[in-house]
Amino acid sequence: MSAALQRAALYVGGFLGPFGGGVVISMLPEIGADTGVSTGDAALTITAYLGPFALAMLVSGTLGARWGRERTVRTAYAVYALAALASALAPTMTLLLGTRVLQGVANAFTTPLLLAALAVITPKDQLGRALGLFGAMQAAGQTIAPLVGGLAAEVGWRWAFVVLAAAAAVLAVIGLPSGIGGPPDAAPARLRDALRPRVLRIGLVALLGWGALGGLSFLLAFRAQDFFGLTPAQRGALLTGFGIAGILSARRVGALVDRIGATATVLIGSLAGAALVVVVGLAPMLWLAAIAWFVAGVASQCVLVGVNAAVLGGEGRNRGGAVSVVQAFRFGGGAAAPMALTPLYAAAPVASFVLPALLLAIVAPVAMPRDTATPRDDPA
């Protein structure tokens, strides 16, 4: 297998995770009708994926480093492929939810290990650019998933899972580039090395960065309907701007990380993102909210690429486990935002935007640690 193909597969793996999580969003009515449940109950297919995904990532990076990155990633892709195929064949909602749980757990054993592998094979002065491209692929997966799911639902929603299964099977065959494991005498990865105070501080920033930016798309959808009166298709187009901005800007954000450092980039994204969220929540004109939401996608990439670079480019052992923990915090923030902010939106719509913006603007600059020198050891 060529090294170029294996390196490309690293980035495709970054696309597959968010794509698999979001592909069901636009076909929930069809899933519900086919399995005999309401659309609201069908929405549990999103939670069944994202919840176990976030929880498993607390330990997946450490376990994957112990078991071997290549073997773990190949096995995870194989499990993902089988679970996706089972989703396509599931006759009931209960079985479908079970297969979605397996997909989420399997994906937790790919994303952080792909990031760690990317850090091993990338020169230190180019790490930001590489992580930026990975972030662009993740943004692309998140943005394209609802469109592909909607197209699949026109034919039959189960075909979306067949495509997922085929993609994961191909990635399992390709594997990872050679030389991504730790040195032979490396000590076993330990979870406590990943749960250092510095990592937890970065994780808190990741939680706020995603929960108070990308995780607010549902609030904008509420406001787009209640205040601007948009149709479902118009709301979808409005929300897509965030992801498109991420795709277009992530590589440039990575270059910015290489130039000014991870901490400075995160702070720029946090402060700018907080201001933009306030604009989104207060804008009296649709075009202004749309522009602010688009630019917020750029700010979000500053935070997400920056926190990954801060962990993978920092000091300490088990940096693969550390980035796994940070990713778990990130997706935990996205999962918590609807539960925390939907009741607040019902009581005070403006406050539901202003409160997360204030938390992001105040907490992120305090919690984000300064950049440290990057050692030459393996981020195992």
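Is Phe222 buried, partly exposed or exposed? Phe222 is partly exposed, at a relative accessible area of 32%, where buried means under 20%, exposed over 50% and partly exposed in between, with a 1.4 Å probe and protein chains only. The model is predicted, so local features need pLDDT of at least 70 and side-chain atom pairs count only at pLDDT 80 or more, while totals for chains, interfaces and linings use all residues. Residues are numbered from 1 along each chain as its sequence is written, and side-chain values use heavy atoms, leaving out hydrogens and water.

**View 1. The stacked pair of Trp67 and Phe109.** Nine aromatic pairs are found in a search of the whole structure; rings of Phe, Tyr and Trp (its six-membered ring) pair if their centres lie within 6.5 Å, and planes under 30 degrees apart count as stacked, over 60 as edge-to-face and the rest as tilted. Trp67 and Phe109 are stacked, with 5.9 Å from centre to centre and 10 degrees between the planes. Because Trp67 lies in helix 4 and Phe109 in the loop between helix 6 and helix 7 (111-121), the pair ties together parts 42 residues apart in sequence. Helices are DSSP runs (H or I, at least four residues), numbered from the N terminus. Trp67 is partly exposed at 42% relative accessibility, whereas Phe109 is buried at 14%.

**View 2. The tilted pair of Phe222 and Tyr345.** The ring centres of Phe222 and Tyr345 are 5.4 Å apart and their planes lie at 45 degrees, so this pair is tilted. Phe222 belongs to helix 12 (residues 217-226) and Tyr345 to helix 16 (residues 319-347), and the pair thus links distant parts of the chain, 123 residues apart. Tyr345 is buried, at 11% relative accessibility.

**View 3. The buried face of helix 2.** Leu28, Ile31, Gly32 and Thr35 are buried in helix 2 (residues 28-35). Seen down the helix axis, these buried residues fall within an arc of 95 degrees, so they line one face of the helix; the arc is that of the directions from the axis to the C-beta atoms. They pack against helix 3 (39-42), helix 4 (44-67) and helix 6 (93-108), contact meaning heavy atoms within 4.5 Å. After helix 2 comes Gly36, with a positive phi near 80 degrees.

How values were computed. Helix = DSSP H or I, 4+ residues; strand = E, 2+ residues; numbered from the N terminus.
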